[in-house]
Amino acid sequence: MTTTSSTTAPTEAAATNASVSESDRSSVFHSWSAQGSLAPLPLAGGLGSTVWDVDGREYLDFSSQLVNVNIGHQHPKVVAAIQEQAARLTTVAPAHANETRAEAAHLILERAPEGFSKVFFTNGGADANENAIRMARLFTGRDKVISHYRSYHGNTGGAIVATGDWRRMPNEYATGHVHAFGPYLYRSEFWAESPEQEAERALHHLERVVQAEGAQTIAAILLETIPGTAGILVPPPGYLAGVREIADRYGILLILDEVMAGFARTGEWFAFDAFGVRPDLITFAKGVNSGYVPVGGVVISDPVSHHFDERVFPGGLTYSGHPLAAASIVAALTAMEEEGVVSNAKRIGSEVLAPALAALSRHDIVGEVRGTGVFWAVELVSDREARTPLDAATMGRFKTDLLSRGLLPFISENRIHVVPPAVVTDEEARRGVAIIDEALAAL
Ligand code: PLP
């Protein structure tokens, strides 16, 4: 299968996978990588749920890049909105009013629960969490933030110490940050045997951590509604409601990080909509405009917002509410509404992905399948009984095999995360899972 992109610039005509890879390796310092062993896939273009490399080979994008291209690649209305805005006004300082920025904020607030009436824009997800933490500290006059081991909140100064994933253990430099174990029944820290036990014991543990640290020192509990990078750990019934109760009991703010889970990923506008829980601050990025222009932000509940009515919020970013980002948010949210993207994710999740992924359990190597919407993890094990995670070398071979079969996967530790765009069609979803099935059989 080959594709030629009409958007390819003339100077790229002579480029090949090899030449682009080499040029990249020689000049670009990559995230989360040992720089000496890089093998980046050179991507040249994309459309919907498909991307293609410089040599023209197509891949079904089951990664949504970094789980952000919820509306699919190159949505024509979003691309046009960015182009139109660029022709009109490409930058505007945050202190000025801007019609497109206000419209973007209104569209986000329309999707938030009652009692939220302000949006603070950032450049991405990490600085959204940084600023939410800052607001919580200023609001409560307290310092500490409790987050989960097995979480990812971004890679800036505060967000990375709030993060509790394996890449930054042990829990170093975490001044002002405390971690607690969240629910994860498959590898329970609480010897739980049912979702109810897991929720109850994780809540007991969290409350004991609050008490041990001293509630009067804790500004916020910061959680991903559904921890994503750490394994798509859908919380058991009652857990998030229980966290809300603990937060209320001790005067602590609840920040829900919706950076990965928000804006259609779980088949809801916000993932917490399915759990009946209302946070005090919501952080977002990724799916809000599918990453077409870098953007993130904090949706602020009224009490926190009003706290700053007569007090200065001592923070801001040059590109807060950048017009190209704002235009892309307006176009993306409008198109998602018109095209039923959120309900598509929900339907694909329950009608196509849930049964197709459950059937993968016929492979002994599959330990657990979990998820919702277009947000699934398949955990691979070398021993089903002992739940031994499949080793890194075998996961590496699995990834190479999936690419050779035309699927761009999201692999994290011993898991494949099945995270296609929320616009994925039934046929694409079935085809992608069939490729994973074949690669598992080959393993
Ligand atoms: N929070 C969550 C839940 C994320 O998944 C991520 C990124 O993957 C971030 C925050 C950080 O976002 P960014 O990379 O835009 O800073």
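Two residues count as in contact here if their C-beta atoms, placed from the backbone, lie within 7 Å. Keep that cut-off in mind. The model I'm showing is predicted.

Start with the domains. The domain assignment gives domain 1 as 17–74 + 340–441, and domain 2 as 76–339. How far apart do the C-alpha centres of domain 1 and domain 2 lie? They lie 25 Å apart. Now apply the cut-off. On the domain 1 side, 30 residues are in contact with 29 residues of domain 2. Which elements of domain 1 supply at least two residues each to that side? They are α2 (64–67), α11, β11, β12 and β16. The largest share, five residues, comes from α11.

So let's look at α11. This helix covers residues 341–358, 18 residues in total. From first C-alpha to last, α11 reaches 24 Å, close to the 26 Å expected at 1.5 Å a residue. The helix has a kink of about 45°, centred on Gly349. Gly349 is also one of the buried residues of α11. Others among them are Val341, Val342, Ile348, Val352, Leu353 and Leu357. Asn344 and Lys346 are on the buried list too.

β11 and β12 pair in the antiparallel sense, over six bridges. Val366 has Leu380 of β12 as its bridge partner. The two strands form a hairpin, with two residues between them. In the turn, Gly373 has a positive phi of about 55°.

Next, the seven-stranded sheet. This sheet is open, pairing is mixed, and the order is β4-β10-β9-β8-β7-β5-β6. Which strands stand at the edges? β4 (116–122) and β6 (177–181) do. Each has a single partner strand, so one side of each is left without a neighbour in the sheet. From one strand to the next, the twist averages 25°.

At the β6 end, β5 (residues 144–149) pairs with β6 in the parallel sense, over five bridges. Ile146 has Val178 in β6 as its bridge partner.

Helices pack here too. α5 (residues 125–140) packs on the sheet, touching β4, β5, β7 (218–224), β8 (253–257), β9 (281–284) and β10 (296–301). The direction of α5 makes about 30° with that of β10. Helix α8 (residues 239–249) lies across β7 and β8, and runs at about 145° to β8.

That's the tour. Questions, please.

Notes:
Residues are numbered from 1 along each chain as its sequence is written. This is a predicted model: local features need pLDDT of at least 70, side-chain atom pairs count only at pLDDT 80 or more; totals for chains, interfaces and linings use all residues. Helices (H or I, at least four residues) and strands (E, at least two) are DSSP runs, numbered from the N terminus. The expected span of a helix is 1.5 Å times one less than its number of residues. The bend at a residue is the angle between axes fitted to the seven residues ending there and the seven starting there. A residue is buried if 20 or more other C-beta atoms lie within 10 Å of its own, exposed if 12 or fewer, and partly exposed in between; C-beta atoms are placed from the backbone. Two strands pair if DSSP finds at least two bridges between them. Axes are lines fitted to C-alpha atoms, for helices over the stretch in contact, and angles run from 0 to 180 degrees between N-to-C directions. Domain bounds come from an automatic or database domain assignment.
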